[in-house]
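Thanks for coming, everyone. Please bring up the model on your screens. I'll walk through a few side chains and what surrounds them.

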Amino acid sequence: MLNDEELMWRAIKLALKGSGYVSPNPRVGAVIVRDGEIISEGYHSHFGAEHAEVNAIKNAGLNSFEDATLYVNLEPCSHQGKTPPCVNVIIEKKFKKVVIGTIDPNPLVSGRGIKLLKDAGIEIKVGVLEEECKWLNRFFIKHITSGLPYIILKSAVSLDGFIATANNESRWISSEESRLRVHILRSICDAVLIGRNTAEKDNPRLTVRHINGRNPKRVLLDTNLNSPMNLNLFIDDFRENTIVLCAETAAQTAKAETLKSSGVNILAARLDKNNKIDLVDALLKLSNHFNIGSILVEGGGSIFSSFISKNIFDELQIFISNKILGNGVKLLNDWQALSVDKAKSFTIKAISKSDTDIHLIALKNDL
């Protein structure tokens with residue numbers, strides 16, 4: 001007989017199947033158990049589709065669940081959205097018990113679903129694998145509670161900390177396995193962001209190619225819209241996924257109109273005191289206009305320095321190769337700590353071997 005933790009792990013694994021497709025909704029999986037045996041499962045497959053709990057109920061093909069327990073990694077919804085509230089269906093089907101990984105972080109509904117279930121006489125257990133369930137939906141939690149996207153800063157560096165050689169050669173510092181992992185990251189994030197320098201130097205496509213998955217939006221920071229018109233981001237078959245963040249004056253130029261007519265999105269953002277894109281304003285606009293709840297930042301040293309110096313990020317994912325360059329382009333070229341006590345500190349979440357590389361995941365410590 002499977003215990004609560006094992007069944008919640010199953011719900012988490014089911015939820016992962018919706019990665020990249022359910023945003024801005026959370027990833028949710030559901031498992032229905034009767035007499036210690038799994039009788040049905042379901043997950044939220046894509047935004048606007050029925051939720052995990054409803055899919056699990058439909059997959060069971062039963063009318064009543066009086067002796068059954070529902071396992072779900074997130075508190076069932078209690079509000080009308082694209083679909084009716086899941087709580088109503090659970091009550092209607094007369095479930096005996098609902099085991100929940102974590103409470104819905106949405107301040108408008110948090111705990112309300114649990115209260116409705118309890119009021120209907122359903123036994124509730126909350127907090128099974130809670131930290132794992134929160135990690136699964138860290139993008140959703142950040143977005144729904146702050147209005148800002150979850151930001152992952154990703155880079156590949158040499159063993160001695162450089163992202164490219166002194167003459168700007170960077171292919172390939174990391175291993176093939178690491179590049180595969182980057183494509184997985186792209187597929188689960190709503191958008192990938194780079195700056196103009198990276199766009200001109202590498203001319204990337206920022207698509208998902210090495211795995212089956214959804215292509216993210218592609219965000220280019222270009223204050224004055226100086227990027228050449230022949231970038232892959234502007235001319236390939238996915239250019240409708242491209243969003244160029246620029247100053248208001250640049251957004252009103254003929255070049256901006258030409259890009260828009262070809263399918264590229266132009267989004268004007270406020271400038272900061274240094275006449276660069278104000279990152280907070282830009283992130284809020286990406287959220288409000290395009291429902292972007294997570295961003296993978298793949299830019300170079302300047303972009304990284306901007307996010308680090310302004311403390312506008314949540315997570316680092318660094319691929320450390322087995323190569324030493326001796327000199328080259330630094331990961332952070334516009335920011336430095338003037339003393340040890342001014343250094344940014346992180347919590348190491350995970351370290352794994354990625355072929356010949358080390359894959360490091362670290363979370364920012366809020367000061």
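Start with one term: contact means heavy atoms within 4.5 Å. This is a predicted model, in which local features need pLDDT of at least 70 and side-chain atom pairs count only at pLDDT 80 or more, while totals for chains, interfaces and linings use all residues. Residues are numbered from 1 along each chain as its sequence is written, and side-chain values use heavy atoms, with hydrogens and water left out.

First stop, serine 40. What does serine 40 touch, not counting residues up to four places away in sequence? The list is Ala30, Val31, Ile32, Ala56, Asn59 and Ala60. Serine 40 is in strand S2, residues 37–43. Helices (H or I, at least four residues) and strands (E, at least two) are DSSP runs, numbered from the N terminus. Serine 40 has 6% relative accessibility, so it counts as buried. The cut-offs: buried is under 20% relative accessible area, exposed is over 50%, and partly exposed is in between, with a 1.4 Å probe and protein chains only. A polar atom of the serine 40 side chain lies 2.5 Å from the backbone oxygen of alanine 56.

Now threonine 242, in strand S10. At 0% relative accessibility, threonine 242 is buried. Its side chain has a polar atom 2.7 Å from the backbone oxygen of leucine 233. Leaving aside neighbours within four places in sequence, threonine 242 contacts Arg218, Leu233, Phe234, Val264 and Asn265.

On to the rings. Rings of Phe, Tyr and Trp (its six-membered ring) pair if their centres lie within 6.5 Å; planes under 30 degrees apart are stacked, over 60 edge-to-face, and the rest tilted. How many aromatic pairs does this rule give? The count is 3. Phenylalanine 65 and phenylalanine 95 have ring centres 4.8 Å apart and planes at 10 degrees, so this pair is stacked. The pair links distant parts of the chain, 30 residues apart. Phenylalanine 65 is in the loop between helix H2 (52–60) and strand S3 (68–74), and phenylalanine 95 is in the loop between helix H3 (86–92) and strand S4 (97–102). Both phenylalanine 65 and phenylalanine 95 are buried.

Stacked or tilted: which is the pair of phenylalanine 139 and tyrosine 150? Their centres are 5.1 Å apart and their planes at 45 degrees, so the pair is tilted. Phenylalanine 139 is in helix H6 (residues 138–146), while tyrosine 150 is in strand S6 (residues 150–157). Both phenylalanine 139 and tyrosine 150 are buried.

Next, the cores. A nonpolar core is a set of buried Ala, Val, Leu, Ile, Met, Phe, Trp, Tyr and Cys residues joined through side-chain atoms within 4.5 Å. The largest has 30 residues. Leu153, Leu286, Ile295, Val297 and Phe307 touch the most other members. Among the elements that each supply at least two residues are S6, helix H12 (279–290) and strand S12 (294–297). Another core lies apart, with 25 residues, including Tyr150 and Cys246.

Last, the cysteines. How many disulfides does a search of the whole structure find? The search finds 0; a disulfide here is a pair of cysteine sulfur atoms within 2.5 Å. The sulfur of cysteine 86 has its closest cysteine sulfur in cysteine 77, at 3.6 Å, too far for a bond. Cysteine 86 is buried, with a relative accessible area of 1%. Cysteine 246 is buried too, at 0%.

Notes
Polar contact = N/O pair within 3.5 Å; in protein donor to acceptor, adjacent residues only side chain to side chain.
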